[in-house]
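Subject: Handover of a structure, with findings

Dear colleague,

Please find below the structure that I am handing over to you. I would ask you to keep it open while reading the notes that follow it.

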Amino acid sequence: MNIPNTVRTYLARKGGQYRTRTVRPGTGFTETATLARLPFDKLARSLVVKSGKAYLMAITRADHELDLDKLNKLFKREFALCNAAEIAELFPNCASDYLPPMAEAYGLRAILDRTLMEQDEVYFCTGAEGVFIHASMDDFRRLQEDAWYKQSIIRDDEPRQAEVVAHDAKSVYKQRVESVNDLPAMPGLATEIMRIRNNPYSHAAELAAVIEQDPSLSAQLVRYALSPLYGYQGKVESVEQAIVRVLGMDFVLDIAFGLSLGKTFKNPKEGPIGLRAFWHHAIHCAALTQALCNAIDYNRRPPPGMGYLAGLLHNFGFLLLGHLFPDQFKRLNKAIADEPERSVHDIEREQTGVTHNELGLWLMDAWEMPREIIDAVEHHHDPEHKSDYSIYSSLVYIANCLLKRHGIGDAETMDIPADLLARVGLDQVKVEVALASVLEDSEGMEFMAAKMAA
């Protein structure tokens, strides 16, 4: 990636001596800076925050963290970090992790932490991945003539060592995910379904009227009611008939809620975690987790609708990664495709420093999802996990092991521990029957997956 013309023009206009240092980019700003052996106490890092329609660039040393509370008190505003889409609009042709500290060039104002300005030299990004500039502080000040830089806008903690910063990607992701302005809001349709879910006096006609606002969702539910999973021989011509005659109110509430949540994300379609593969896996896992619930003896059986929802949402961290960090998502998608035999978790840690379990957990917490779902999202790769809600993470784990035999999903093994089967009330025969029932309706599963990925 070349240095954007906006940056080149701005440097030329301001004058000064600027020396470039180029390295092969790592998996993010801190990792790349470490590869370049840059001193973190002299390295500028740029973040963009907003309050309403007002934008501000905050520039600090890379070994410190921006303190939004200080910034808000200083300006008497409520600033929050900008999301990836806003960054892309404000800084066209710039990599989001490598924003140049040249607010004026992009029509913004900047505030620089005073500890950065106390250095005799500085390194900073150019907008291109892996390309940094080394300059004297006098030349750097030329670029900041319209900026504020006599205040402290960093946390008061001791500066972090470069080695710590380089491995602190997880906290950066978590900070971004927990920012209200970065997170996708729960879709309006899902909010309406949740309202009905929480109303003990709601009825099938009311739920059907809400679902029918989305023709695609309506078609999926009617198609699901006609699947071999239920063996219903009659006609189902409406959502209300699907609810009353086949699926039941509670189950439709869960399945419709989960499917409506999925419509929030519009990630790239291709690749092992692109939308096509994601929904192919999610729909199969949801149906199989539901079938496994139904295979458990009635007196121990968890609600199949909640099982379906757990299977559908357990990998939502991949969707959130693409929504908030599209560049990192593309690199991870390619890395998984290049090394399909390696553990997805291992590749995630190398490429992003955070796993889809962790990203999904933060999103589920922010959306205040049921504890059963949160547990499944966090622990679906851990067959040893035990909690009050672990039946769902265990069933999702079993479902993924079974689907792995058919090349579906990201499970690391096809082997299911016998003690895990016994713990949830299943045996090998029951899980094989459940798997066969889901694969029998492969056409229906593909129909629903295609609708979600469209």
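In these notes, two residues are in contact when heavy atoms of theirs lie within 4.5 Å. Helices (H or I, at least four residues) and strands (E, at least two) are DSSP runs, numbered from the N terminus. The model is a predicted one, in which local features need pLDDT of at least 70 and side-chain atom pairs count only at pLDDT 80 or more, while totals for chains, interfaces and linings use all residues. Residues are numbered from 1 along each chain as its sequence is written, and side-chain values use heavy atoms, with hydrogens and water left out.

Helix α20 and its partners

I begin with α20, which spans residues 371-379. Which residues of α15 and α20 meet? On the α15 side they are M306, L309, A310 and L313; on the α20 side they are E372, I373, A376 and V377. By class, this contact has seven nonpolar, no polar and one charged residues. Here Ala, Val, Leu, Ile, Met, Phe, Trp, Tyr, Cys and Pro count as nonpolar, Asp, Glu, Lys and Arg as charged, and the others, Gly among them, as polar.

Helix α15 covers residues 304-313, and its axis lies 9 Å from that of α20, at an angle of about 40°. That makes α15 oblique to α20. Axes are lines fitted to C-alpha atoms, for helices over the stretch in contact, and angles run from 0 to 180 degrees between N-to-C directions. Angles under 35 degrees count as roughly parallel, over 145 as roughly antiparallel, 65 to 115 as roughly perpendicular and the rest as oblique. The crossing of α15 and α20 is right-handed. A crossing is left-handed if the near helix is turned anticlockwise from the far one by less than a right angle, and right-handed if clockwise.

Helix α19 also packs against α20: their axes come within 8 Å and cross at roughly 165°. That makes α19 roughly antiparallel to α20, and the crossing is left-handed. In α19, N357, G360, L361, M364 and D365 take part, and they meet R371, I373, I374, V377 and E378 in α20. The residues of this contact divide into five nonpolar, two polar and three charged.

The loop between α19 and α20 contains E368. The phi angle of E368 is near 55°, a positive value in a residue other than glycine. With a relative accessible area of 68%, E368 is exposed. Buried means under 20% relative accessible area, exposed over 50%, and partly exposed in between (1.4 Å probe, protein chains only).

Aromatic pairs

How many aromatic pairs does the structure hold? There are 16 of them. Rings of Phe, Tyr and Trp (its six-membered ring) pair if their centres lie within 6.5 Å; planes under 30 degrees apart count as stacked, over 60 as edge-to-face and the rest as tilted.

One of the pairs joins F265 and W367, whose ring centres are 6.4 Å apart with planes at 45°, so the pair is tilted. Since F265 lies in the loop between α13 (249-262) and α14 (275-295), and W367 in the loop between α19 (356-366) and α20, the pair ties together parts that are 102 residues apart in sequence. F265 counts as buried at 1% relative accessibility, and W367 is buried at 9%.

F278 and F316 form another tilted pair, with 6.2 Å from centre to centre and 55° between the planes. F278 lies in α14 and F316 in α16 (residues 316-324), so this pair ties together parts that are 38 residues apart in sequence. Both F278 and F316 are buried. Ring pairs link F265, F278, W279, F316 and W367 into a cluster.

Buried positions elsewhere

Helix α16 is mostly covered, as eight of its nine residues are buried; among them are F318 and L321. These two residues are also touched by L332, which is in helix α17 (residues 326-338). L332 is buried, with a relative accessible area of 0%.

Is C125 buried or exposed? C125, in strand β6 (residues 121-125), counts as buried at 2% relative accessibility. Leaving aside neighbours within four places in sequence, C125 is in contact with F29, Y98, L99, P100, P101, V131 and F132.

Yours sincerely
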